[in-house]
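I opened the model today and kept notes as I went. Sequence and structure go in first.

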Amino acid sequence: MNYYIVIPAHNEADLINLTLESLVKQTVLPKKIVVVNDNSTDNTADVVLAFAKEHPYITLVNKESSAIHLPGSKVIQAFNAGLASLDEEYDIMMKADADLIFPTNYFETIIRHFQSDETIGMVGGFCYIEKNGQWVLENLTDKDHIRGALKAYRKATFKQIGGLKAQMGWDTVDELLCKFYNWQVITDASLHVKHLKPTGANYNKTARYKQGEAFYTLGYGFFITAIASAKLAMMKKKPLLFIDYIKGFWKAKWSKKPLMVTPEQARFIRKYRLQKMKGKLID
């Protein structure tokens, strides 16, 4: 199976060489890698071009955008700029961050999963961060969720869910829409990916409100949002984030911000989320 990788990168000169080095050492090489240099002020572009000289399947796309790091919109706008530069000759599309080190068998294993069952729409491993000299699981989500840093999609799935939405919550709505369209989402605990920068390291106060806004635009409703906000704040070990998330939800509701999903999809999502919550209570 041919796989393409799009890597949005903003001021990643110190790390992207490690990411690309891990990709060019894969046991099954990518057909194409596009790095989107998103308004970098360092020499990210030079690092990528040096790799491109040695590996013709690597290309660089330069993009100008705001330097403000808001989760969701900025990174997916960059991803979409890279996607627009590619053809349709792929079987698997992947969005990857520019601060990851993949094990050499990562994509060989990903491909094996996709080939094993035609109803599998998304596959991913797990992110690990360094703490006290050891690599430990970056435990911010449930084990059945694929982190936004390393999303791999079957082509038919990617097309059916409408690609990636340029706003916070994109890496949740994609999986919920997979469920809506009866695609399987597979996580492989054997695939340990080193995540060199912890998630949210550059986020500001506005970004925290965006999380609550994302819960609203996903169609969660207040009850599910309150539970999800409390869980996320506790997982991040910052209980006061709960207040920011709730404020973001109400700001989005009062401003009548459009949902990322249709009314039918929102009903499905609420039902699915409630079923998962009930299942955990029973367990």
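**Entry 1: strand β6**

I am working from a predicted model. I started with strand β6, residues 120–131. Is this strand mostly covered or mostly open? I found it mostly covered, with ten of its twelve residues buried.

Next I looked up the strands that pair with β6. I took strand β9, residues 184–195, and found it parallel to β6, with seven bridges between the two. For a landmark I noted Gly124, whose bridge partner in β9 is Thr187.

Then I turned to strand β8, residues 150–154. It runs antiparallel to β6, and two bridges join them. Here I marked Met122, which stands opposite Tyr153 of β8.

I also checked strand β7, residues 134–137. Its pairing with β6 is antiparallel and has four bridges. Ile129 stands opposite Val136 of β7. I then followed the chain from β6 into β7 and found a hairpin with two residues between the strands. Asn132 sits in that turn, and I noted its positive phi of about 55°.

**Entry 2: Asp97**

Where does Asp97 sit? I located it in the loop between β4 (92–96) and β5 (100–101).

**Entry 3: residues 214–234**

I looked at the UniProt record next. The unreviewed entry annotates residues 214–234 as "transmembrane region". What does the model show over this span? I read 86% helix and 0% strand. The end C-alpha atoms lie 18 Å apart.

**Entry 4: Thr217**

I picked Thr217, which is in helix α7, residues 205–217. Is Thr217 buried or exposed? Its relative accessibility is 0%, so I count Thr217 as buried.

Which backbone atom does its side chain reach? I found the backbone oxygen of Ala214, at 3.1 Å.

Again leaving out residues up to four places away in sequence, I wrote down what Thr217 touches. The list is Gln167, Lys257, Pro258, Leu259, Met260 and Val261.

Terms used:
Residues numbered from 1 in each chain as written. Predicted model: local features only at pLDDT ≥ 70, side-chain atom pairs only at ≥ 80, totals over all residues. Heavy atoms only, no water. Buried < 20%, exposed > 50% of the residue type's maximum accessible area, 1.4 Å probe, protein only. Pairing = 2+ DSSP bridges. UniProt positions renumbered as here; feature names shortened; annotations may be inferred. Polar contact = N/O pair within 3.5 Å; in protein donor to acceptor, adjacent residues only side chain to side chain. Contact = heavy atoms within 4.5 Å.
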